[in-house]
Amino acid sequence: MRQDGATIEEAEGLACDLRAMLTRRRALAGLAAGGIGFLGGLRQVGAATGKAADGSVCIADAVETAGPFPADGSGAGGGLNALAVEGVGRSDIRGNFGGLKGQAAGLPVALELTLVDVGKACAPLAGYAVYLWHCDAAGRYSLYDVPDANYLRGVVVSDAGGVVRVTTVFPGCYRGRWPHIHFEVFTSVAAAVKGEAAVLTSQLALP
């Protein structure tokens, strides 16, 4: 719900979230059995899989919509490109950046994703950039519902093991959607801040 009262719903709604929750349960079971490709991400039943040297299996994430609240502020008539603002690269995305003060309130969440190449025996993807964004605990998106804020958006780089660690808050619900986190994966920080084509756009569905 925007401040002007207009309702904006994402192209994929509750049905998408229910499918995601079910496949996430299967994925978590796989994690206990030895690990999966993109930890915490949405899974696509029957998607491409790879096998690491230790026998663990990784599964390619499903491609999802970026939704109506992207980085550049264009989805709902915004205009500010968060990826072009100094300070967007950070592991704690709770606060505003680029000279804006304050931060999003809510239950702290330590999020960890592992990026691997399914086609190359689940090899870790080091040095890749992940841009994450989501709504706050009240279901509002910065740049859009809260135009004078850019919190809960940030670019994080994967380490030598392909791991990305982010500190954020648990997102709230809004009409038609379960709590979720959007993300895009880029080959480098330079590609991310230029808004070049992402190698993966997807979402994390949360309980």
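**Figure 1. Secondary-structure elements of the predicted model.** The chain holds 2 helices and 10 strands, and the coordinates shown are those of a predicted model. Read from the N terminus, the elements follow the order α-β-β-β-β-β-β-β-β-β-α-β. Of the 207 residues in the chain, 48% are buried. Among contacts between residues at least 6 apart in sequence, 65% join residues at least 24 apart. The chain exposes about 9400 Å², of which carbon and sulfur atoms supply 56%.

**Figure 2. The largest nonpolar core and the surroundings of Leu 83.** The largest nonpolar core comprises 19 residues, and those with the most contacts inside it are Leu 83, Tyr 131, Tyr 141, Val 155 and Phe 186. Two elements, strand E6 (129-133) and helix H2 (189-193), each give two or more residues to this core. The largest share, 3 residues, comes from E6. When residues up to four places away in sequence are not counted, Leu 83 touches Ala 71, Val 88, Tyr 131, Val 155, Ala 192, Val 193 and Gly 195. Another core, of 16 residues, lies apart from the largest one; among its members are Ile 93, Val 164, Val 185 and Leu 200.

**Figure 3. Aromatic pairs that involve Phe 69.** The model contains 5 aromatic pairs. One of them is formed by Phe 69 and Tyr 141, which are stacked, with 4.1 Å centre to centre and 10 degrees between the planes. This pair links distant parts of the chain: Phe 69 is in the loop between strand E2 (57-59) and strand E3 (108-114), whereas Tyr 141 is in the loop between E6 and E7, and the two are 72 residues apart. Phe 69 and Tyr 141 are both buried. The rings of Phe 69 and Tyr 174 form an edge-to-face pair, because their planes stand at 85 degrees, with the centres 6.4 Å apart. Here too the pair links distant parts of the chain, since Tyr 174 lies in the loop between strand E8 (163-169) and strand E9 (180-186), 105 residues apart from Phe 69. Both Phe 69 and Tyr 174 are buried. Together with Tyr 144, the residues Phe 69, Tyr 141 and Tyr 174 form one aromatic cluster.

**Figure 4. Salt bridges around Arg 165.** In total, 4 salt bridges are counted in the model. The side chain of Arg 165 meets that of Glu 112 in a salt bridge of 3.2 Å, N to O. Arg 165 is partly exposed, with a relative accessible area of 46%. Glu 112, at 39% relative accessibility, counts as partly exposed, and Asp 159 is partly exposed with a relative accessible area of 32%.

**Figure 5. The salt bridge between Asp 92 and Arg 94.** Asp 92 forms a salt bridge with Arg 94, and the closest N and O atoms of the pair are 2.7 Å apart. Asp 92 has 31% relative accessibility and therefore counts as partly exposed.

**Figure 6. Residues other than glycine with a positive phi.** Most residues other than glycine have a negative phi. Ala 121 has a positive phi of about 55 degrees although it is not a glycine. Ala 121 belongs to the loop between strand E4 (116-117) and strand E5 (123-124) and is partly exposed, with a relative accessible area of 44%. Leu 143 likewise has a positive phi, of about 75 degrees. Leu 143 is located in the loop between E6 and strand E7 (153-157). With a relative accessible area of 7%, Leu 143 is buried.

**Figure 7. A nonpolar surface patch that includes Val 189.** Val 157, Val 189 and Val 193 make a nonpolar surface patch of about 190 Å². Val 189 has its place in helix H2. The relative accessible area of Val 189 is 36%, so this residue is partly exposed.

Note on methods. Residues numbered from 1 in each chain as written. Predicted model: local features only at pLDDT ≥ 70, side-chain atom pairs only at ≥ 80, totals over all residues. Heavy atoms only, no water. Core = buried A, V, L, I, M, F, W, Y, C linked by side-chain atoms within 4.5 Å. Buried < 20%, exposed > 50% of the residue type's maximum accessible area, 1.4 Å probe, protein only. Helix = DSSP H or I, 4+ residues; strand = E, 2+ residues; numbered from the N terminus. Contact = heavy atoms within 4.5 Å. Areas by Shrake-Rupley, 256 points an atom, 1.4 Å probe, with all protein chains shown as cover. Phe/Tyr/Trp six-rings, centres within 6.5 Å; stacked < 30°, edge-to-face > 60°. Patch = residues over 30% accessible without salt bridge, like charges linked within 9 Å, V, L, I, M, F, W, Y side chains within 5 Å.
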